[in-house]
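Please open the model in your viewer and keep the sequence panel beside it. The tour below goes from stop to stop, saying what to select and what is to be found there.

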Amino acid sequence: MCGRCACSREPETLRHACAYRDGRCRRVVKPPWIHDGANYRPSYNVSPRTNTPVLISGHYPHLRSFDFSSQDHVCQCCCYAGGQSAERVIQVMQWGLIPHWQKEDQKSLFLNNCRVDGMLEKPSFRMPARKGQRCVVLCDG
């Protein structure tokens with residue numbers, strides 16, 4: 001994915017579009033927004049380095065401290081013990097990849113384009129791909 005795209009749908013419409021059938025409950029589950037999508041602004045001009053919604057696994061370590069219990073639309077069987085996480089979530093993230101070898105104070109190298117046929121061979125993408133660090137960038141045009 002390179003260049004620009006559009007993500008112009010309202011937050012609830014994106015939740016509905018990302019709904020999935022849970023294997024254990026056998027019912028349709030709409031993924032919750034992290035922080036209710038507060039940083040999401042629909043746009044017809046989404047470019048690299050801008051904030052855009054992505055669909056990610058709810059099992060990432062940074063989400064284990066997030067409290068999903070106040071969100072009534074989360075299926076309880078999709079949660080960790082105590083209702084602490086959903087199976088899939090929508091979160092606003094910055095579009096792009098900062099390579100693991102880049103120093104914290106440098107923000108010059110920011111990758112946003114990768115071909116699937118060379119993804120596991122390129123050093124910048126190999127490590128995140130093998131660790132399962134991936135997402136679905138939500139766009140509608």
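**Confidence first**

Colour the chain by pLDDT, which is the predictor's confidence in each residue, from 0 to 100: confidence is lowest in helix 2 (residues 123–130), at a mean of 82, and highest in helix 1 (residues 11–17), at 93. Helices (H or I, at least four residues) and strands (E, at least two) are DSSP runs, numbered from the N terminus. This is a predicted model, in which local features need pLDDT of at least 70 and side-chain atom pairs count only at pLDDT 80 or more, while totals for chains, interfaces and linings use all residues. Residues are numbered from 1 along each chain as its sequence is written, and side-chain values use heavy atoms, with hydrogens and water left out.

Over the chain the mean pLDDT is 77, and 76% of the residues reach 70 or more. Now select residues 72–84, where pLDDT stays under 50 and for which the model has 35 contacts beyond four places in sequence; contact means heavy atoms within 4.5 Å. Where pLDDT is low, the predicted coordinates should not be read in detail.

**The whole chain**

Switch to a cartoon view and follow the chain from the N terminus, along which the elements run β-α-β-β-β-β-β-α-β, coming to two helices and seven strands. Of the contacts between residues at least 6 apart in sequence, 68% join residues at least 24 apart. Buried residues (under 20% relative accessible area; exposed is over 50% and partly exposed in between, with a 1.4 Å probe and protein chains only) make up 35% of the 141 residues.

**The nonpolar cores**

Next select Cys-5, Cys-7, Leu-14, Cys-18, Trp-33, Tyr-40, Val-46, Leu-55, Ile-90, Val-92, Trp-95 and Leu-138, the 12 residues of the largest nonpolar core. Such a core is a set of buried Ala, Val, Leu, Ile, Met, Phe, Trp, Tyr and Cys residues joined through side-chain atoms within 4.5 Å. Strand 1 and strand 6 are the elements that give two or more residues to this core. Apart from it lies another core of six residues, including Ile-34, Val-54, Tyr-60 and Ala-86.

Select Ser-8, in the loop between strand 1 (5–7) and helix 1. Is Ser-8 buried or exposed? Ser-8 is buried, because its relative accessible area is 19%. Leaving out residues up to four places away in sequence, Ser-8 touches Tyr-40, Pro-42, Ser-43, Tyr-44 and Asp-140.

Move on to the loop between strand 4 and strand 5, where Ser-47 is placed. Ser-47 counts as buried because its relative accessibility is 13%, and, its neighbours within four places in sequence aside, Ser-47 is in contact with Gly-3, Arg-4 and Trp-95.

Arg-49 has its place in the loop between strand 4 (43–46) and strand 5 (51–57). At 40% relative accessibility, Arg-49 counts as partly exposed, and although Arg-49 is not a glycine, it has a positive phi of about 75 degrees.

**The largest pocket**

For the last stop, select Gly-96, Leu-97, Gln-133, Arg-134 and Cys-135, which lie nearest the centre of the largest pocket among its 31 lining residues. On a 1 Å grid over the protein atoms alone, a pocket is an open set of points where a 1.4 Å probe fits, with protein on both sides within 12 Å along at least five of seven lines, and lining residues have an atom within 4 Å of a point. Which element gives the largest share of the lining? That share, five residues, comes from helix 2.
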